Amino acid sequence: MTGYEALEGVIDNVEVPLLQARGVRKAFGPTCALRQADVTVSAGEIVAVMGPSGSGKSTLLHCLAGILAPDEGEVVFSGRRVDRLNEEQRAALRRTDFGFVFQFGQLLGELSVVENVALPLLLNGVRRGKAMAIAREWLEMFDLADLALRRPHEVSGGQAQRVAIARAMATSPKIIFADEPTGSLDSAAGVTVLDSFTAVARSRGVAIVLVTHESRVAAYASRMIVVRDGVVTAPAAAEWSR
Ligand SMILES: Nc1ncnc2c1ncn2[C@@H]1O[C@H](COP(=O)(O)OP(=O)(O)OP(=O)(O)O)[C@@H](O)[C@H]1O
Ligand SMILES: [Mg+2]
């Protein structure tokens, strides 16, 4: 091995964060929604975000994902300043490296389940036959193959959320931002959704930033952060493992 190759090996082993927020602040008029946010997410890591209603969780997620521009601080994704990208560049990032899952899935009612999952691929220029084939593979991974031709209103709430997750995964993003993806479900359905979401993400090495009120969150996440009154903290080890 040459000295250069040895050096490359060392560089490969240095863990570069996938996503990092430093000193992020965001106010809405007089309301300071995020006062001080320092967050680091490594590749493949599942970070749970918890905290009371109105504490700034969604604001944090939107700043990390380039949906909102912070007033102060910086957000860096794979070495690029997300907060300095223009709208077109941020849209491109959201189509390729980022995936999103919201509380009410937001599936398109006029499309079938499989068309919903294929849609982001079609928007990325994948031809229809290939997009539909990839979409079917993702449906299978989430145990939804039998529902491919149904419309969103013909599936259960938990199934719809798994479709929304399959759609977020379909473009093979590096990170998925999920804002209470089980918030509209009862606890049993929520557990099923989080089980399959985190299992598939782990098997694919996809990182997740997951806002959730699910009390069994430790079973799903690699790590938890807590937002209180706009300030991000890591819980004490005892609190985390409880
Ligand atoms: N677009 C907005 N305009 C004005 N105020 C806002 C806006 N979005 C959020 N806020 C305020 O910022 C604060 C943080 O809101 P945020 O939505 O981040 O809370 P949250 O932790 O996600 O709450 P929840 O658990 O209820 O979803 C709240 O006081 C909220 O009222
Ligand atoms: Mg919220």
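This section describes the salt bridges and nonpolar cores of a predicted model.

Residues are numbered from 1 along each chain as its sequence is written, while chains are lettered from A and ligands numbered from 1 in the order of writing. Local features need pLDDT of at least 70, side-chain atom pairs count only at pLDDT 80 or more, and totals for chains, interfaces and linings use all residues, with side-chain values based on heavy atoms and with hydrogens and water left out.

Eleven salt bridges were found in a search of the whole structure, a salt bridge being a side-chain nitrogen of Lys or Arg within 4 Å of a carboxyl oxygen of Asp or Glu. One of them joins R81 to D83, with 2.8 Å between the closest N and O atoms. Accessibility is classed as buried (under 20% relative accessible area), exposed (over 50%) or partly exposed (in between), for a 1.4 Å probe and protein chains only. D83 is partly exposed at 22% relative accessibility, and R81 is likewise partly exposed at 22%. Both residues belong to a network of salt bridges that also links R22 and E74.

A further salt bridge pairs E87 with R90 at an N to O distance of 3.0 Å. These two residues lie three residues apart in helix 3 (residues 87–96), about one turn of the helix; helices (H or I, at least four residues) and strands (E, at least two) are DSSP runs numbered from the N terminus. R90 is buried at 15% relative accessibility, whereas E87 is partly exposed at 44%.

The side chains of D97 and K174 also form a salt bridge, at 3.5 Å from N to O. This pair links distant parts of the chain, 77 residues apart: D97 lies in the loop between helix 3 and strand 6 (98–101), and K174 in the loop between helix 6 (157–169) and strand 7 (175–179). D97 is buried at 19%, while K174 is partly exposed at 41%.

The largest nonpolar core comprises 45 residues, and V117, W138, F142, M169 and F197 have the most contacts inside it. A nonpolar core is a set of buried Ala, Val, Leu, Ile, Met, Phe, Trp, Tyr and Cys residues joined through side-chain atoms within 4.5 Å. Elements that each supply at least two residues of this core include helix 4 (113–123), helix 5 (128–141) and helix 7 (187–204). Helix 6 gives the most, with seven residues. Leaving aside neighbours within four places in sequence, V117 is in contact (heavy atoms within 4.5 Å) with A135, W138, L139, V163, A166, R167 and A170. Another core, of 30 residues, lies apart from the largest one and has L34, V41, V49 and F177 among its members.
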